[in-house]
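User: I am new to this structure and would like to go through it by questions. Please show it first.

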Amino acid sequence: MNTINEPSKLKAEVTYNAAADHFDDGPLAFWDRYGRRTVERLSLSPGSLVLDVGCGSGASAIPAAIKVGPHGRVIGIDLAERLLDIARTKSIAQKLHNVDFRRADMAALSYPDNSFDAVVCVFAVFFVTDMVKQVRELWRVVQPGGKLAITTWGPRMFEPGSEAWWSVVKESRPDLVTGVNPWERITTKQAVLQLLSDSGIENADVTAEDGQQALQSPEDWWTVVLGSGYRWTVEQMSDEETARVKAANLKTLLNNGIKFIETNVIYAVAKKE
Ligand SMILES: C[S@@+](CC[C@H](N)C(=O)[O-])C[C@H]1O[C@@H](n2cnc3c(N)ncnc32)[C@H](O)[C@@H]1O
C-alpha cells in the first residue's frame with residue numbers, strides 16, 4: 001500500500017519541496033543548529049548505524065554521519081525529494097560516503113525490529129496523525145542498548161514573527177488560518193514526556209532549551225516564512241495576495257523593531273534497555 005498518498009503527507013511533501021529553495025538560507029540556521037545539538041545528545045560511537053526520519057536537507061543526518069565515521073552508516077528518509085537532493089549534494093561536498101538519503105514515509109518503516117543503534121527525528125514527529133503510533137514505530141527499530149532522539153519545537157515558535165504573520169494572513173485570506181498547526185501539537189516538556197510514556201517509553205531524558213534566531217532585517221523573516229512550514233500557506237495565495245501579506249507583515253516587524261524570533265526547543269533522548 002502506498003501510504004504516502006494520505007492528505008497530511010502530501011501536504012508535508014508539497015510544503016517542503018516548495019520550501020527547499022530557502023530551507024538552507026542564513027536566517028534558517030536553526031535547522032542546522034538544532035540538528036547538530038540533537039546528535040550531540042546521542043553521544044554516537046564510531047561504527048554506529050543511525051536512522052534519521054524526516055531528515056530534511058541533512059541537518060542531523062550529516063553531523064551523525066561525521067560522528068559515526070567511515071565504519072558507521074546513516075540512512076536519512078524524508079518525503080520531500082528536493083530537500084533530499086540538497087542533503088545528497090551537501091554530503092558529497094563533505095566527502096561523506098556513509099550516508100544515504102531516501103524518499104520514504106517514516107510512518108511505514110520497512111526495517112526489521114532492533115535494526116539501528118540510534119533513531120533521530122527532529123521537528124517532524126508532529127506531522128503524522130498518530131504520534132503515539134509513530135513513536136512506537138521508531139522505538140521498534142531501535143536495538144537494545146540503542147537510543148531514540150526526538151526534538152520538537154517549544155512554545156512560541158518564531159514569535160513575534162508568527163503572530164504578525166498570522167494576523168495579516170487572517171485579514172487577507174482568513175480561510176488559510178488553521179486551528180492548530182502541526183508544530184503546535186506538542187510544545188512542552190510535559191507533553192513530550194506524555195507522548196513517550198503513551199508510547200511505552202519511560203525514563204527518557206527530556207530537556208527544554210530556549211533559543212533565538214537573529215534577524216538582520218525584516219526581509220530575513222520573510223526568508224523564514226518561505227523556508228519553513230509557513231510555505232504551505234504562501235503556496236495557496238495568489239502573487240498579488242502574497243505581495244500584500246508580505247508588505248503588511250514586514251511593516252509590522254519594522255515598526256516594532258523586531259531583531260530576533262524565538263526558537264525554543266524540547267530535546268528528548270531515550271535509551272532502550
Ligand atoms: C520541519 S522539517 C525538519 C527537517 C529536518 N529534520 C531539520 O530539522 O532540518 C520536517 C520534515 O519532515 C518531513 N516529513 C513530514 N512527514 C513525513 C513522513 N511521513 N515521512 C518522512 N518525512 C516526513 C518533511 O518533508 C520535512 O522535510
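Analyst: A residue is near a molecule or strand if one of its heavy atoms lies within 4 Å of it. This is a predicted model, in which local features need pLDDT of at least 70 and side-chain atom pairs count only at pLDDT 80 or more, while totals for chains, interfaces and linings use all residues. Residues are numbered from 1 along each chain as its sequence is written, and side-chain values use heavy atoms, with hydrogens and water left out.

User: Which residues come nearest to the ligand?

Analyst: There are 19 residues around the ligand. Those that come nearest are Gly 54, Asp 78, Asp 105, Met 106 and Val 122.

User: How many Å from an oxygen atom of the ligand is an N or O atom in the side chain of Asp 78?

Analyst: A polar contact is a pair of N or O atoms within 3.5 Å; within protein, one must be able to donate a hydrogen and the other to accept it, and residues adjacent in sequence count only if both atoms are side-chain atoms. A nitrogen atom of the ligand has a backbone N or O atom of Met 106 at 2.9 Å. For the side chain of Asp 78 and the ligand oxygen, the distance is 2.6 Å.

User: Why does Trp 153 count as buried?

Analyst: Buried means under 20% relative accessible area, exposed over 50%, and partly exposed in between (1.4 Å probe, protein chains only). Trp 153 counts as buried because its relative accessibility is 2%.

User: Is Phe 127 buried or partly exposed?

Analyst: The rings of Phe 126 and Phe 127 form a tilted pair, because their centres are 5.1 Å apart and their planes stand at 55°. Phe 126 is buried, with a relative accessible area of 2%. Phe 127 has a relative accessible area of 21%, so Phe 127 is partly exposed.

User: What pLDDT does the chain average?

Analyst: pLDDT is the predictor's confidence in each residue, from 0 to 100. In the chain, 99% of the residues score at least 70. The average pLDDT of the chain is 97.

Definitions and conventions. Phe/Tyr/Trp six-rings, centres within 6.5 Å; stacked < 30°, edge-to-face > 60°.
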